[in-house]
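This note comments on selected features of the structure shown below.

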Amino acid sequence: MSSHHSRLLRPSLLFLLSGSLIGLLFGLSACHSTPDDHADIVVRHAHVLTMDERMPTAQALAVRGGRIAAVGSDAEIGRWIGEHTRVIEGNGATVLPGLIDTHIHPVIGAEQLDDCSLGDEVMSLAAMRPTVSECLQRNPNAASTEWLAVINLNPANFHATAADLDQLLADRPFGLFGTDGHTAWINTAGLKKLGLTRASVDPDNGRIVRDGKGNPTGHLIDMAVDLVLAQLPKKSLADKVRLTERALQDMHRVGLTTLLEASAGEDILQVYRALAEQGKLSAKVSVALTSVADPSANHLQELAALRDRYRGLPHVQIDTVKVFADGVLEYPTQSGALLAPYEPVAGNGRSDRGSLYFEPEKMADFVTALDRDGFNVHVHAIGDWAVRATLDAFAAARKRNGEQSRAHFSIAHLELIDPADWPRFAALNVYASFQLLWAQPDAYSVDAVQPYLGPTRSQWLYPAAGVSKAGGVVVAGSDWNVSTFNPWEAMATGLCRCNADEPARPPLLPEQALPLPVMLRAYTIDAARMLGRDQELGSLTVGKAADLIMLNGPLATNAEQLRHTEVLTTMIDGVLVYEHQP
């Protein structure tokens, strides 16, 4: 979170071959002047953007048996309409493949849907008091030793001590958790509950912030936050399933059909298994297993065993490993890893360059081994040093494994990339998973980052166009619940690099804006390729799964209109999982 191919013929390769065969059979049947069987569904009188270079646009398409049976003109597809065919009239609206989010946390985000939240708003401690009071009213019978947690604090430039939080709540452990997933502030009772003193040792890849005398201030960073998370009450599996199902339905309303679960342990896999077994897993989910860069045989065997235990679940593909390279850049957290030191402002902020969350040699060995064992690798990297070190590890794996290197490598977040590394995404075949919504001028990117980077490095923030123009493949993700999963808001921001809520701010590096066609590919065919599922998903091509969406009209080309795009219909495997009700 912005918090956390073997050499034999593998099952995935067999799947691709079978998908190609299915595509060939459907393609042959689609060439008949009269179909042998009529379609289950026909969408016509639409502007179909197929994302297939062989036929970029069409007027209509036919669905049969959960797959795209034919794509073409209204007249051609009209022959597929039979007595029992459902006909959906497009009325000139745009039809697209189902959208794919390449970095999202569906289960964790769903678990927090009903939690006490500050909504990522910039606010003082005093302004938080009504929310804290409301949270207390929800739990009137809670024990004095039970934690009260409030989430979605905007952590940019936020300062507070345990004594400050005591003014909001002093008689039980209490914590504010940053929206970024990397920060928390706890009160004095919380410090006592955790047993944190000046003698406490920082956890690996985490920091207990201290005052001038070495005493904990109450501010926890990265893996130190897990000290609190481990003590929070756990939701039942039934509650997690219920909330995740609800979240997936909300995602379908904005056109999402396939997701990369960006950080999963067995607890999250249990939720997907329960959803699948209950027939409630509507979305298609690729899963990245959370890991550290440990190339030992035991750890590699543990990852392979976890993959095998959950193999074969409907709609679930487990073939990726997730690693954190660093934390975040925003002051005061500043756990992102930089090639050159941070620049203190008025004496505030760190003056070193942060640290990597892996040892480069071990990371290279780990990625090389995962590549050999049929895993893809997905890395959280925020700072330019973290990005470069990750690319170095990928380069080592490509070189060592040679022609046998088949892994799909990807890096998420990419807040700061040195221009020298922009061409390496193409050279190493690494997918750049940008969270385009973050490429806007706000309290995070401007106020809490740019002063500490200086003017030169501040020109390299979220360089999506730089990577794309250098030949790299840009894909898109939300990192929900860090920020909204609505892809239309992210695309609008990627198009204008502007802040709709604060229009007075000048755009954030408008030269790094992406054209709309690139962003559409980032959410469809290119995202499918990153997941290794492009033989099945990502374009409206004969033989592929009938995963598609229909919008409320022509596709907008300006940011403001694009931001308010509405989805009328979302279909997965030919099944309507969302239909707008007027």
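1. Asp418 and Arg388 form a salt bridge, with their closest N and O atoms 3.6 Å apart; the term denotes a side-chain nitrogen of Lys or Arg within 4 Å of a carboxyl oxygen of Asp or Glu. The pair links distant parts of the chain, 30 residues apart: Asp418 lies in the loop between strand E18 (409-413) and helix H13 (424-427), and Arg388 in helix H12 (residues 384-401). Helices (H or I, at least four residues) and strands (E, at least two) are DSSP runs, numbered from the N terminus.

2. The model is a predicted one, in which local features need pLDDT of at least 70 and side-chain atom pairs count only at pLDDT 80 or more, while totals for chains, interfaces and linings use all residues. Residues are numbered from 1 along each chain as its sequence is written, and side-chain values use heavy atoms, with hydrogens and water left out.

3. Is Asp418 buried or exposed? At 15% relative accessibility Asp418 counts as buried, whereas Arg388, at 26%, is partly exposed. Buried means under 20% relative accessible area, exposed over 50%, and partly exposed in between (1.4 Å probe, protein chains only). Both residues belong to a network of salt bridges that also links Asp392, Asp421 and Arg424.

4. A search of the whole structure finds 26 salt bridges. One of them joins Asp114 to Arg246, with the closest N and O atoms 3.3 Å apart. Asp114 lies in the loop between helix H3 (106-111) and H4, and Arg246 in helix H8 (residues 237-253), so the pair ties together parts that are 132 residues apart in sequence.

5. A further salt bridge is made by the side chains of Arg521 and Asp526 (3.1 Å, N to O). Arg521 is partly exposed at 22%; Asp526 is buried at 9%.

6. Five strands form an open sheet of mixed pairing, in the order E9-E10-E11-E13-E12; two strands pair if DSSP finds at least two bridges between them. The edge strands, E9 and E12 (206-210), each pair on one side only.

7. Within this sheet, strand E10 (residues 174-178) has five of its five residues buried. Phe174, Leu176 and Gly178 lie on one side, and Gly175 and Phe177 on the other. Leu176 has Trp185 in E11 as its bridge partner.
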